[in-house]
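The sequence and structure are shown first.

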Amino acid sequence: MTVHKDAAIVGIYEYPYRVIDGKSPWEIKAECARLALEDAGLGWQDVDALYDAAENGMGAGFTAAEYFGLHPKVMDTTAVGGSSFEFHAAHARRAIREGKANVALLTYGSTSRSQSNAIGTGGRVSERISNPVNNMENPWGLVLVGNYAMAARRHMYQYGTTPEQLADIAVTTRYHATRNPDAVRGLADLGIHRTGELSVDDVLASKMVADPLHVLDCCLISDGGGAVVIAGSGVVPSTRRCPAWIAGTGEAIGYRENGSDLTVTAATVSGTQAFREASIRPDDIDVAMIYDSFTITVLMTLEDLGFCKKGEGGAYVANGYLRYDNLGGPALNTDGGGLSSNHPGMRGIFLLIEAVRQIRGESTSQVDNPAYCLAHGNGGWLTSRHASGTVILAR
Amino acid sequence: MSSTHIRPLPSLDELDTGPFWAATSGHELRYQRCIECVQVVFYPRKHCTNCGSSMLEWHVSAGEGVIYSFTVIRRNGHPYFSSIVPYVVALVDMDEGFRMMTNIVQTAPENVRIGQRVRVFWEDYDTVSLPMFVQLDAVDNSTNSESAEGSIGMKEAMA
């Protein structure tokens, strides 16, 4: 297996706080950008490709470039929710490989928590109905979590998956969060009373939000930010840290169709592309950073990426199989994930950041010498319209 | 009750789906089929999602189908919906081959199961009627546990 060495993640920074007072999302983005470039040993004006998920509104292309004071030759505002950053990493590698750019900057900043955005159950209905989808669906009162709940319900029906098995995912990610000081402080700052480990019973005893998903099956709502710097092979030797090479990427879009299987996501397509490109198999992955908006998101994604067969995800995740200190399976969301570390609305950038920490040997739940780490973002609404971005990183 | 305590209603002016909603006041549940490739198209559009043709024709559904999946919403920040929790949002596979989102009404949420046959039940408003659904099957209380639901539901799905 020869790792493609066209482009690597050379700089990362995660904003350490989950409740951020007195800073705008743009200020958070710029601060993270400066510190990620410092981490890489690169300068502000080295950036010639800029990626933005438009998390702070339309016109992100020119707004971001102007705010930062950069003059990118490549500007990409692919906005596919939480998976945007995996798409950006894929696009950055392509741009670098084509010789269009040398240093790409991805940033994210959000004050969802402080602005009291109830992401999962907010029940926001657009006043000016502007598209056919809203016009068909607004009357029925489906909240975001309801999409995931319908997928979970169908998965249980088709495969006998149990609430206990879903809960095991939340238990594993909390176990990892308890080892991450930023996550532990964040849980306290967010007003979560119990910041220690969880049991399956704790999850099942938590309040039902949308059957069969409980509060503890759902991610946190926090503030946050981060930045990632990607450089071409010509630049990498002049950077400071161990590079995390982008060995394979995949992108796909999925949506509800007449007669489609609600238990299958576009990860089947993005995963196949990424594994083929990296010339490896799911068995070769040491760390799986899987978007965990809800426990069911992880379970279905693991199946779709081929870590286990479709329908066997429940048994696969049970009994702490994905804990970092269990030698059998890949380690899941070793920073604590969206379920127990942070989720400011679009978590995809943190999947890349933690995967890089693992490659560097700096995670608080470090796996021994990982060769391959996978980051998979799911954006949009699982089983309804959604985007899947898979990135495989290698040393 | 303030004006915000009103269910969000569809617009008849939305260009793709307006004709669907316009027909609901006459209690017609419409769907489209492509004249060229016979693909069923839903939600309504101006083109066939299979072949791209603009030759679509409207048909009227008999109004029966099977619950494909559902959830019980217990929390919603919207003033109207927060006043009616818990309620059931479902996807129903209609006999004509299209899948639609709806509410299952006139039953307790705990009686709803995947695989149940349902029939359209119109809730009338001034300019539109909303196609909600009610159960056709009598509810068998012996199917209440998760495991029983799985096995019995599978038989129905395969039938």
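Two strands are taken to pair if DSSP finds at least two bridges between them. The model discussed here is predicted. In chain B, strand β1 (residues 30–34) and β2(B) pair in the antiparallel sense over 2 bridges. Within this pairing, B:Arg33 stands opposite B:Val40 in β2(B).

**Sheets of chain B**

The pairing of β1(B) with β2(B) belongs to an open sheet of 3 strands in the order β2-β1-β3 (chain B), with antiparallel pairing. Because β2 (40–41) and β3 (56–60) of chain B each have a single partner strand, they stand at the edges, and one side of each is left without a neighbour in the sheet.

| Strands | Bridges | Sense |
|---|---|---|
| β4(B) and β5(B) | 8 bridges | antiparallel |
| β5(B) and β6(B) | 6 bridges | antiparallel |

B:Ser69 stands opposite B:Leu91 in β5(B), while B:Ala90 stands opposite B:Thr102 in β6(B). A hairpin is formed by β5(B) and β6(B), with 4 residues between them. In its turn, B:Gly97 has a positive phi of about 105 degrees. As to burial, β5(B) is mostly covered, since 6 of its 8 residues are buried.

**The interface between the chains**

Contact between the chains involves 37 residues of chain B and 33 residues of chain A. On the side of chain B that touches chain A, the elements giving two or more residues are β4 (64–73), β5 (87–94), β6 (99–104) and α3 (146–158) of chain B. The largest share of this side, 5 residues, comes from β4(B). By residue class, the side of chain B that touches chain A divides into 17 nonpolar, 12 polar and 8 charged residues.

**A helix pair in chain A**

Two packed helices are described by the angle between their axes and the distance between the axes. In chain A, the axes of helix α9 (residues 267–278) and helix α10 (residues 295–305) come within 8 Å and cross at roughly 45 degrees. Angles under 35 degrees count as roughly parallel and those of 65 to 115 as roughly perpendicular; α9(A) and α10(A) are therefore oblique to each other. The crossing of α9(A) past α10(A) is right-handed. From α9(A), the contact is made by A:Ala267, A:Thr268 and A:Gly271, and from α10(A) by A:Thr301, A:Asp304 and A:Leu305. The residues of this contact divide into 2 nonpolar, 3 polar and 1 charged.

Definitions and conventions. Residues numbered from 1 in each chain as written. Chains lettered and ligands numbered in written order. Predicted model: local features only at pLDDT ≥ 70, side-chain atom pairs only at ≥ 80, totals over all residues. Contact = placed C-beta atoms within 7 Å. Nonpolar A, V, L, I, M, F, W, Y, C, P; charged D, E, K, R; others polar. Axes fitted to C-alpha atoms, helices over the stretch in contact; angles between N-to-C directions. Parallel < 35°, antiparallel > 145°, perpendicular 65-115°, else oblique. Left-handed = near helix turned anticlockwise from the far one by under 90°. Buried ≥ 20, exposed ≤ 12 C-beta atoms within 10 Å, placed from the backbone.
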